[in-house]
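Thank you all for coming; I would like to take a few minutes to walk through one structure with you. Please have a look at it on the screen before I go on.

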Amino acid sequence: MRKFNMAIVGLGSMGNTHRTIIVGEGQWYDIPIGGPIENLSIVGSYDIREERQQFAREHGLRAYASYDELLADPQIDFITCATQNDAHKEVIIRALRAGKGAVSEKPATLSSGDLQDMIDVANETGKVFTVHQNRRWDDDYVTVKKLIGEGYLGKLLRIESRVPGVGTGPGGWRSKAEHGGGYLFDWGVHILDQALDMFPGKVKTVYARLTHYVHQEVDDGFHIELCFDDGLVYYLEGGNSNFIQLPRWYVMGMEGTAVVDDFHVNGKMTRISQRMRNNPVDYPIAGGTVKIVPRRGSPLVTEPLPVIKADIRDFYRNVMDAVDGKAEIIVKPEQVMRVMKLMEAVKESDRTHSVVAFE
């Protein structure tokens, strides 16, 4: 693989997180990054704040005097935009038109209309455009995806996905609506992306409530229920007012239930025994019957979760392969658009206090 050079636009907290992951510094949920990403170098960065420009110099990066200077540098293969949300569109479009690949922090922008403009320019220029949906590489998510994909729990009935916390809610620019603040844009975009990545089937309806316990200008939490066309109910919750934590995941199936307590994948699953699964009987359900073991008297087995270890660095490895023309981008613009439109449906449901048809 050839060597790639990138630059970061916006070297604040999230921009620096990108830097530490790429150079292999620090930890991700108390897990060492594992070393630098091979064949990828951060040449420099640009930030409108002089203190962040100085931070870049102190960490061996070129602090470009302007975004124009950065885009004019021929050695830059792609940029990562980690500015406030409302600035993403202009930064990304200018990078694409300058012949660079472009990675945007999430959410890509503030509306599906603006996102379509970004996608149109990517298609026009033929340059790679993607969004940093890094939570597809979380250990808890890939473990739950394995449970579901390999049928550990039988036919799925309900999934609950939560990112609860305790705090004062969004701060800084994330507390301002004009900049795209709020918990839905901060955390909801991640776990909604996980839901649609795990289940590409049709979402029939959306019902949502956004909370304003601390903030009035932006939401500081959300409760979302998605109903898929196969009958699956997928519940998502986030907020800063949870003094007792609920599980990160609660997954119900006809043959078992799994609980994932946290991002470290502590938890367990309880399932009907293999003997009973091998000798099913007719179990009545609405509209017919299904081959399933009896609900009463079935031997149950509690087992550890089949934990999968992911590597967050694989996001950038895929970006490099896509820029090099060797692979498709994993986080595709059309997937980003579906998540954006789903967030718009969430806002519409909250505004109208009603169930909203989605697809």
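This is a predicted model: local features need pLDDT of at least 70, side-chain atom pairs count only at pLDDT 80 or more; totals for chains, interfaces and linings use all residues.

Let me start with helix H9, residues 314-323, where 7 of the 10 residues are buried, so this helix is largely enclosed by the rest of the structure. The buried residues in H9 are Phe 315, Tyr 316, Arg 317, Asn 318, Val 319, Met 320 and Ala 322. What do the buried residues of H9 pack against? They pack against several elements, among them helix H1 and the strands S1 (4-9) and S4 (40-46). Just after H9 comes Gly 325, which takes a positive phi of about 75°.

Staying with H1, which spans residues 13-23, we find Arg 19 in this helix, and Arg 19 is buried because its relative accessible area is 5%, where buried means under 20%. Leaving aside residues up to four places away in sequence, Arg 19 touches Ile 8, Glu 25, Ile 42, Phe 55, His 59 and Leu 61.

Now to the largest pocket, which holds about 770 Å³ of space. It is lined by 35 residues, and the closest to its centre are Ala 82, Thr 83, Gln 84, Trp 173 and Arg 174.

Next, the charged pairs. Side chains of opposite charge can pair when their charged atoms come close, and a search of the whole structure finds 34 salt bridges. In one of them, the side chains of Asp 117 and Lys 89 meet at 2.7 Å, N to O; Asp 117 lies in helix H5 and Lys 89 in helix H4, so the pair ties together parts that are 28 residues apart in sequence.

A second salt bridge joins Asp 140 and Arg 248, with the closest N and O atoms 3.3 Å apart. Asp 140 belongs to helix H6 and Arg 248 to the loop between S12 and S13, so here the parts tied together are 108 residues apart in sequence. Are these two partners buried or exposed? Asp 140 is buried, at a relative accessible area of 0%, and Arg 248 also counts as buried, at 4%.

That loop, between strand S12 (233-239) and strand S13 (249-253), is also the place of Ile 244, which is exposed, with a relative accessible area of 73%. Together with Val 166 and Phe 243, Ile 244 makes a nonpolar surface patch of about 400 Å².

How values were computed: Residues are numbered from 1 along each chain as its sequence is written. Side-chain values use heavy atoms; hydrogens and water are left out. Patches are made of residues with over 30% relative accessible area and no salt bridge: like charges are joined within 9 Å, nonpolar side chains (Val, Leu, Ile, Met, Phe, Trp, Tyr) within 5 Å. Accessible areas come from the Shrake-Rupley method with a 1.4 Å probe; for residues, only the protein chains shown count as cover. A salt bridge is a side-chain nitrogen of Lys or Arg within 4 Å of a carboxyl oxygen of Asp or Glu. Helices (H or I, at least four residues) and strands (E, at least two) are DSSP runs, numbered from the N terminus. Buried means under 20% relative accessible area, exposed over 50%, partly exposed in between (1.4 Å probe, protein chains only). Contact means heavy atoms within 4.5 Å. On a 1 Å grid over the protein atoms alone, a cavity is a set of points where a 1.4 Å probe fits but cannot get out, and a pocket is an open set with protein on both sides within 12 Å along at least five of seven lines; lining residues have an atom within 4 Å of a point. Grid points are joined across faces, edges and corners, and a volume is the space filled by probe spheres set on the points.
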